[in-house]
Amino acid sequence: MLLKSETRVELPKTYRKILYLYPAYNNTFVFLGSVGLRQDSVTHVDVNGKILFEHVFPVPMDTAGMISDREFIMFETRS
């Protein structure tokens, strides 16, 4: 996929690292980010940086992916 446009998004909070970033429906983005030591979160934001949804997981996630523009999956294989 070729990059056709560029969007600068300023987030209202700091993340240690953004692990996976995907475009989503209605000009929004979904990402899996590290919010603390061994703490990951999935966050859905709009182009203005407003957080539409965020969930912090009690354990680190292994990977994530977008199935479609409306479906995001995370994998956690550790117990």
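**Entry 1: strand pairing.** I looked up strand 2 (residues 28-36) and strand 3 (residues 39-46), which pair in the antiparallel sense over eight bridges. Strands here are DSSP runs of E of at least two residues, numbered from the N terminus, and two strands pair if DSSP finds at least two bridges between them. I then took Phe31 and found that its bridge partner in strand 3 is Thr43.

**Entry 2: basis of the model.** I note that this is a predicted model, in which local features need pLDDT of at least 70 and side-chain atom pairs count only at pLDDT 80 or more, while totals for chains, interfaces and linings use all residues. Residues are numbered from 1 along each chain as its sequence is written, and side-chain values use heavy atoms, with hydrogens and water left out.

Entry 3: I recorded an open sheet of four strands in the order 1-2-3-4, with antiparallel pairing. Strand 1 and strand 4 each have a single partner strand, so one side of each lacks a neighbour in the sheet.

**Entry 4: salt bridges.** How many salt bridges does the structure hold? I found two, a salt bridge being a side-chain nitrogen of Lys or Arg within 4 Å of a carboxyl oxygen of Asp or Glu. In one, Glu54 joins Lys13, with the closest N and O atoms 3.1 Å apart. This pair links distant parts of the chain, 41 residues apart: Glu54 lies in strand 4 (residues 51-56), and Lys13 in the segment before strand 1 (17-24). Arg8 forms a salt bridge with Glu10, where the closest N and O atoms are 3.7 Å apart.

**Entry 5: exposure.** I checked relative accessible area (buried under 20%, exposed over 50%, partly exposed in between; 1.4 Å probe, protein chains only). Glu54 is partly exposed at 27%, and Lys13 is partly exposed at 34%. Arg8 and Glu10 are both exposed.
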